[in-house]
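Hi there,

I am passing on the structure we talked about, so that you can look at it yourself. Please open it alongside this email.

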Amino acid sequence: MRQNNSITQEHTRRSKAKADGENAFKVRLSIRTALGDNAYAWDTNEEYLFKAMVAFSMRKVPNRETTEISHVLVCNVTQRVSFWFVVTDPLKNHTLPAVEVQTAIRMNRNRINGAFFLNDQTLEFLKIPSTLAPPTDPSVPIWIIIFGVIFCIVIVAVMLLILSGIRQRRRMSKGPTEVDDSEDKCENTITIENGIPCDPLDTKGGHINDAFMTEDERLTPL
Amino acid sequence: MACAPGPDPRGAGGGHERPSWDNRLQYLLSCIGFAVGLGNIWRFPYLCQTYGGGAFLIPYLVALVLEGIPLFHIELAIGQHLRTGSVGVWKAVSPYLGGVGLGCLTVSFLVSMYYNTVLTWVLWYFLNSFQNPLPWGSCPLDLNRTGFEAECQASSPVSYFWYRRTLNITADISDSGSIQWRLLACLAASWAVVYLCVIRGIESMGKAIYFTALFPYLVLTIFLIRGLSLPGAVKGLTYLFTPDVRILQSPRVWLDAATQIFFSLSLAFGGHIAFASYNPHRNNCEKDAVIISLVNSLTSLYASIAMFSVLGFKAANDHGRCLDRNILRLINAFELPDQSVNRDDYAAVLSHLNATQPERVARLCLETCRLEDFLDKSASGTGLAFIIFTEAILHMPGAPGWAVLFFGMLFTLGLSSMFGNMESIITPLLDMGVTHRFIPKEVLTGLACLVCFLSAICFTLQSGNYWLEIFDNYAAPLNLMVFAFFEVVGVAYVYGVQRFSDDVESMTGRRPGLYWQVTWKVVSPLLLLTIFVAYVVTLARTPLSYKAWDTQYVRFPTRQEKSYPGWVQAACVLLCFLPVLWVPAVALAQLLAAHRRKKDTGRDRCPKL
C-alpha cells in the first residue's frame, strides 16, 4: 500500500514537471565546451547536486525557507545535456510561480555556476536572463594617460628645439662682429683685381709673381 | 671666374644659403616616405583583390613605366635644377604657368588638413590599444545590464567602436553635431608631432625620417611573418592573388591602374620638387626617380601580401565561427551531445538530418557558410583599417601588441607623407620671401601648422567623416591631374625637351635617352589626358551621394545611401575647381601685364615730334 502511494506520489509529481509547463524552466549544459578533457559525465548524482542547488537558492527567498531537495523535480534529461525542472510546494500541491524561481536563481547564479565549474554561457537557464558583469573601468581611462605622456614629451621637445634655435641665432648675430675683428688681425686677406689675386708678397709659394704672368701670354709667340 | 665664392645665382630666399640634406639617404628616404603612404596599405590591396588578383600587376607595371616614372623624373630634375619650390619652378619655366605652383600649394594645404585628421583617428586607436581586452572587442552593456547596447548588438562591436565611440557620427551630413573633444585633443597632439618634425625644415625632418620611413617596413615584415603562420593565411593569399587574366579586357582596370600609380607616387603636390630643391646640383636624379618609384611599387606589393595573409586568417576564422554557430543550432535543436559534431563532420550530419527531418532543419534558419564569401568581403580606406583589420587583430593571440604595432605603423606611414605635404607648403612660402629675414623659420612652420590645425577642427565635428570623404574624393584628384598635365606639357613643350635634356645632362652626366623623350613628349600627356577625361565622365555619371550610418534606417547596419543637400554639392564643385582656377588667373594676369608693358614701350618708342 505504501509502495503504491509513493509511486502515485511520484507520478503526480512528474506530471507537474512536464515540459512546457508555465512554471517549468529548461536548462542546458555544455560541459564538454567548458571543461574539454576534464569534462565529467552527467549522471543522477549530478542531477541530485543540481536539485540541491535549486533548493538552496529557493531557501534564500523569504517565505520559502522550508524548500527541500525533493520539492525540485527534473525531467526530460537528454544527451545534450538539457532538462526541464520545476519547484513544487507539496503542502499546497502546486508549482511555485516562475517569477519567484527566476529571482532566486538570478541571485545565486554564481554559486550554481561554481558548483558545476561552468559559467553563464555553458550553464544556460533558457528563460532567465543573466545579469552581465559590469566592465571594469579604471578611474582614469588608459588612453588619457598615454596621451598625456606623449603630448608632454612632444611639447618639451618642441620647446627645446625652439630654445636652441634662439640661442643659435643669438650666437650667430654676435658671431659676424667677432669674425670681422679677426679678419682685421689676419694678414692673409686676399684682395682681388680683375679676377686675379693680387698678393705678390705671398710667401707660401714664393716663386712666381702672378701679376706678371699674363704679360707673357699677351706676347705673340714667335 | 671669381676665385672667392660669390652669391649663388640660383639660390633664393635672403642672404643665407639654402639648407641641404645631410646625406643622400635622407633625401631618398624623404621621397620614399612621401610616396609611400596610407594608400599603399589600404588602397592597393583592395584594387588587387577587385581586379583579378595577380593580373592587376600587369596594368599597374605598365602604368608605372609609361606614366609614373617619367612624371616623377620631371619633378625631381626640375626641382634639383632650379633649386626652388613649386611656385618658383613653374614661374621660371614660364610666367604664364605660375598658377600651377600656386595651385599645387592650395591642393597641398587642403590635403594636409584632412590627411592629418586620418592620422588623428589612427592616434586615437593607437592610444586605445594599450589595454587588454581591446575596447572594440566587446559591446558595452545597456542600462539594466541584461544585454548589450542595441546599436552595438545590431551591428558589431568593431563597427560600434568606430562609428559611435570614435566618430560619434550623426545620421546626416547637414546635422553637424558638436565637436568631439577626444578627437580634438588627438588632432592637437598629431599636429604637435608634425610641427616637432618639420620645425626646422629639412634639418629636423631629415633626422625624423630615419624612424618614420623605416619603421613601417619593420612592422610589415613582422606582420608578414606572423600572418603567414596563422591558420588560413595561405589559402587567403592564394585566393586573393590567383590571377584572373580575363579582367584585363576591361578598360576600367587600366584606368584604375593609371590613376592608382598617379596618386600613389604623390605627384603634382610639389613635395618632390621641394625635396629635390635641397639637393646639390650634381646628383643623379634619373636614378633616384627609378629607385623611388620601384621602391613605392614594391612596398605596395609587400604590404598587400602582409595584409592578405592576415585577412585570409580572418576569413578562415569567420568561416569557422559561422560553422560553429550552425553546429550549435543543430545540437540545441536535435538534442545531440555537446561537442559531438566538429567542423569537418558538419556537412555530413547536416545532409543526414536534412534527409530524415527536413522541416525541422528548415525552421532553424541556418546560415550558409562558404569560405569564398568571407574571402570576397573587401574594403578599402578607413573601413579596411578600422573595421576589418581591427577585427582580425582581435582573434590573434596577443592582440593588444599587434594593435599597437599596426596603428604605430599607420601613424608613421602617414607622418612621413605629412612631411612631404608640409614641405610643399613651406618651401614655396620660404622661397617667395613671405617671411621677412627676421622672422625665423620656426615661426613660419608653426604658423602653417596652426592654420592647418584650426581649419581641420571642422573634421572633429560629428559629421566630420562625411566631410572628409568629400575632401578625399573631390579636393585632390581632378586638380592634381590637371596640374600634372600642365607640368608635363610645360616642361616638354614650353620649356623644351632639348633644353630640359641639357639641364639633366649637366646634373647627371648622361643625356636622357629615347624612352624619356618619347614618354615626356607623347605618352605621358596622352595618358594623363585620357585618365582625366575618364575620371570626369565617371564623376559626372555617378550621382553625388554618400553612405550614412543611420541607426533608424530600416536595413541598419547597412549604411543608407543619401544624396548631398544643395549647399554641400556646391561645396564639392568649389573644391573641385577652385585650385585649378589659379592657372588661368595667373596666366590672365601675366597677359594683362605683358600687354600693358608693350603699350608702355610702344608709347616710348613713338617718335616725339
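Below is what was found in it, topic by topic.

First, some ground rules. This is a predicted model, in which local features need pLDDT of at least 70 and side-chain atom pairs count only at pLDDT 80 or more, while totals for chains, interfaces and linings use all residues. Residues are numbered from 1 along each chain as its sequence is written, chains are lettered from A and ligands numbered from 1 in the order in which they are written, and side-chain values use heavy atoms, with hydrogens and water left out.

**The cores**

A nonpolar core is a set of buried Ala, Val, Leu, Ile, Met, Phe, Trp, Tyr and Cys residues joined through side-chain atoms within 4.5 Å. Buried means under 20% relative accessible area, exposed over 50%, and partly exposed in between (1.4 Å probe, protein chains only). The largest core has 184 residues, and B:Trp191, B:Phe407 and B:Met422 touch the most other members. Its main contributor is helix α6 (residues 98-127) of chain B, with 18 residues. Helices (H or I, at least four residues) and strands (E, at least two) are DSSP runs, numbered from the N terminus. A separate core holds 28 residues, including A:Val27 and A:Leu118.

**A covered strand in chain A**

Have a look at strand β2 (residues 72-75) of chain A. A:Val72 and A:Val74 are buried on one side, and A:Leu73 and A:Cys75 are buried on the other. Strand β2 runs antiparallel to strand β3 (residues 82-89) of chain A, and four bridges join them. Two strands pair if DSSP finds at least two bridges between them. A:Leu73 stands opposite A:Val86.

**Where the chains meet**

How many residues of chain A are in contact with chain B? There are 34, and they meet 36 residues of chain B; contact means heavy atoms within 4.5 Å. The area buried between the two chains is about 2900 Å², with 68% coming from carbon and sulfur atoms. Buried area is the accessible area (1.4 Å probe) that two parts lose on being put together, summed over both. A:Arg80, A:Leu132 and A:Trp143 supply 25% of what chain A buries against chain B, more than any other three residues.

The rule finds three salt bridges across this interface. A salt bridge is a side-chain nitrogen of Lys or Arg within 4 Å of a carboxyl oxygen of Asp or Glu. One joins B:Glu442 and A:Arg169 (3.1 Å, N to O). In another, A:Arg80 meets B:Asp338 (3.9 Å, N to O). This pair crosses from the loop between β2 and β3 of chain A to the loop between α14 and α15 (346-356) of chain B. Both A:Arg80 and B:Asp338 are buried.

**Salt bridges within a chain**

Over all chains, the structure holds 27 salt bridges. In one of them, the closest N and O atoms of A:Glu100 and A:Arg64 are 2.8 Å apart. A:Glu100 lies in helix α4 (residues 98-107) and A:Arg64 in the loop between α3 (44-59) and β2 of chain A, so the pair ties together parts that are 36 residues apart in sequence. A:Glu100 is partly exposed at 24% relative accessibility, whereas A:Arg64 is buried at 16%.

In chain B, B:Arg321 and B:Asp318 form a salt bridge (2.9 Å, N to O). Both lie in helix α14, three residues apart, about one turn of the helix.

Enjoy exploring!
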